[in-house]
Amino acid sequence: MKTLYLDCFAGIAGDMFLGALLDLGQDRKAFLETMESIVLFPGHGHSSAHCHSQDEGHSHGHDHDHHHGPEAGDRLKISITRESRGGIAGTKVSVRNLENHPHRGLSDVLAIIEASPLSPGVKEQSAAAFRLLAEAEAKVHGTTPEEVHFHEVGAIDSIADIIGAFVLVEKAGIEKTVSSPLNVGSGTIKCAHGILPVPAPAAMELLKGIPVYAEGAPMERVTPTGALLVRCLAGEFGPLPAGKVLASGKGLGDRESDIPNLVRAVIVDTPDGSGEDVFRRDRGVVLETNIDDMNPQYYGPVMQRLFAEGALDVWATPMIMKKGRPAVTLSCLCLPEKENVLAEILLRETTTLGLRKYPVDRLKTDHEIVERETSWGLVRFKVARLGGETLRANPEFEDVRRLSEEHSIPLPEMRERLVGEFLL
């Protein structure tokens with residue numbers, strides 16, 4: 001399977017994404033011909049709610065009270081150059097903005113996409129992405145997606161970045177996209193709405209459910225368009241997936257920083273599930289400590305608190321420490337982004353003075369919780385699959401216990417009845 005991995009150690013923006021995929025070795029002439037075939041029709045009207053996506057590599061102008069729309073024949077103009085950031089060479093993509101373009105609403109952008117000669121798949125993905133962007137901006141500004149108008153210059157940048165991203169993904173034959181956690185940056189940015197915190201409000205809306213962190217000098221590292229592309233494309237988040245590296249590329253942002261301002265794209269030939277490797281993979285962190293001086297009654301509450309704050313698993317192992325003292329190794333498995341908050345709980349709520357931590361690779365089945373109506377009522381089953389084969393379906397214990405008590409049937413017998421009914 002041809003898998004695209006996005007290494008967002010310095011963040012991601014739309015122009016950086018385009019540069020990284022072009023740097024993989026794609027046909028630049030064919031890309032430019034495709035993008036320049038898109039006609040930018042004039043927008044309609046104005047609105048007080050504008051989308052501001054101050055992408056790295058794009059400079060936005062100020063709002064004007066009056067706009068003199070372009071002719072219907074105006075087209076995207078994109079330049080591709082070879083530059084370096086932090087001593088690392090890569091590809092820089094810039095949109096040569098047409099002046100005096102009007103504000104565009106969602107319907108205007110969707111009309112541009114529909115009228116273009118793009119493939120049906122690219123049209124569908126681009127339209128869905130713009131709807132998602134409009135929903136995020138509408139939520140930020142307290143309006144509706146239909147009423148949101150994209151900023152006059154940002155509209156052109158966004159059209160180039162979003163449509164261009166899906167064009168390049170299709171041309172590269174990408175079947176799956178995995179992303180690292182995103183370095184979103186910190187501090188504030190100045191835009192048409194004034195001084196705003198990083199990530200920008202629209203970007204924060206789009207980052208919901210995506211693992212993030214902040215590292216390096218204060219600056220905007222993930223723009224709304226960058227967040228949007230990751231949200232639309234990435235199905236998994238974690239380390240570089242196992243497989244054979246086919247190509248790598250680097251897309252450059254506009255600024256120099258303490259961390260090289262680029263995103264790295266890697267194409268990996270990964271197992272597709274039809275061969276020997278049928279596992280889902282991700283990476284976790286184990287935090288653990290040895291304790292020989294804590295009241296045993298405290299372990300239960302600490303373990304419950306760890307689970308409540310996002311631990312994937314918590315366990316206690318009896319052991320013998322120095323001088324023959326009975327002790328407990330308290331261990332906690334978590335995702336990397338939960339490491340700090342869980343480490344603080346262990347240090348604050350146990351008697352330990354320090355922790356060990358180490359990364360672990362996890363091999364997992366495909367599993368999900370499925371609700372099923374049974375003869376005894378609604379029951380949740382945890383279903384595990386491997387390579388498309390259903391391995392087992394276990395009813396949730398709390399459901400089994402509840403039904404066992406309601407129907408006066410012993411727990412083991414109730415469980416067997418539920419499993420048997422699920423498999424029918």
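**Entry 1: Asn183**

I began with Asn183, whose side chain reaches the backbone oxygen of Phe9 at 2.9 Å. The model I am reading is a predicted one. I located Asn183 in strand β8, which covers residues 182-183. Is Asn183 buried or exposed? I found a relative accessibility of 0%, so Asn183 counts as buried. I then listed what Asn183 touches, leaving out residues up to four places away in sequence. The list includes Cys8, Phe9, Ala10 and Gly11, and also Tyr213, Ala214 and Glu215. Arg221, Val222 and Ile259 are on that list as well.

**Entry 2: the chain as a whole**

The protein chain holds eleven helices and 23 strands. Of its 424 residues, 47% are buried. I also noted how far along the sequence the contacts reach. Among contacts with a separation of 6 or more, 73% are between residues 24 or more positions apart.

**Entry 3: Arg85**

I turned to Arg85 and found its place in strand β3, residues 78-85. Its relative accessibility is 8%; under the cut-off of 20%, Arg85 therefore counts as buried. Which polar partners does the side chain of Arg85 have? One is the side chain of Glu83, in a polar contact of 3.0 Å. Another is the backbone oxygen of Gly253, which lies 2.8 Å from a polar atom of the Arg85 side chain. Setting aside neighbours within four places in sequence, I recorded contacts of Arg85 with Lys92, with Leu252, Gly253, Asp254, Arg255 and Glu256, and with Pro260, Asn261 and Leu262.

**Entry 4: helix α7**

I checked the cover of helix α7, residues 224-233, and found eight of its ten residues buried. The buried residues include Pro224, Thr225, Gly226 and Ala227. Leu228, Leu229, Val230 and Leu233 are also among them.

**Entry 5: the four-stranded sheet**

I traced an open sheet of four strands in the order β18-β19-β17-β20, paired in the antiparallel sense. Why is one side of β18 and of β20 left without a neighbour in the sheet? I noted that β18 (313-320) and β20 (356-364) stand at the edges with a single partner strand each, so one side of each has no neighbour there. From one strand to the next, the twist averages 30°. Within this sheet, β17 (residues 280-291) and β19 (residues 326-334) are paired antiparallel over seven bridges. I marked Val285 as standing opposite Cys334 in β19.

Two helices lie across these strands. Helix α8, residues 299-308, lies across β17, β18 and β19, and runs at about 145° to β18. Helix α9, residues 339-349, lies across β17, β19 and β20, and runs at about 20° to β17.

**Entry 6: the three-stranded sheet**

I found an open sheet of three strands, ordered β21-β22-β23, with antiparallel pairing. Its edge strands are β21 and β23, each of which pairs on one side only. The twist here averages 30° from one strand to the next. Strands β21 and β22 run antiparallel and are joined by nine bridges. Glu373 stands opposite Leu378 in β22. Helix α10 packs on the sheet, where it touches β22 and β23, and its direction makes about 150° with that of β22. Helix α11 also packs on the sheet, touching β21, β22 and β23, and its direction makes about 145° with that of β23.

**Entry 7: His367 in β21**

I looked up His367, which lies in strand β21. With 40% relative accessibility, His367 counts as partly exposed. A polar atom of its side chain lies 3.0 Å from the backbone oxygen of Thr365. Not counting residues up to four places away in sequence, His367 touches Arg280, Val383 and Ala384. I also noted Ala393, 26 residues from His367 along the chain; the two C-alpha atoms are separated by 9.5 Å.

**Entry 8: helix α11**

I closed with helix α11, residues 411-422. Its twelve residues reach 17 Å from first C-alpha to last, close to the 16 Å expected at 1.5 Å a residue. Which residues of α11 are buried? I recorded Met414, Leu418, Val419 and Phe422. Seen down the axis of α11, these fall within an arc of 130°, so they line one face of the helix. They pack against β21 (366-374), β22 (377-386), β23 (389-395) and α10 (397-407). On the face turned away from the buried side, I found the exposed residues Pro412 and Glu416.

Note on methods:
Residues numbered from 1 in each chain as written. Predicted model: local features only at pLDDT ≥ 70, side-chain atom pairs only at ≥ 80, totals over all residues. Heavy atoms only, no water. Pairing = 2+ DSSP bridges. Axes fitted to C-alpha atoms, helices over the stretch in contact; angles between N-to-C directions. Contact = heavy atoms within 4.5 Å. Buried < 20%, exposed > 50% of the residue type's maximum accessible area, 1.4 Å probe, protein only. Polar contact = N/O pair within 3.5 Å; in protein donor to acceptor, adjacent residues only side chain to side chain. Expected span 1.5 Å × (residues − 1). Arc of directions from axis to C-beta.
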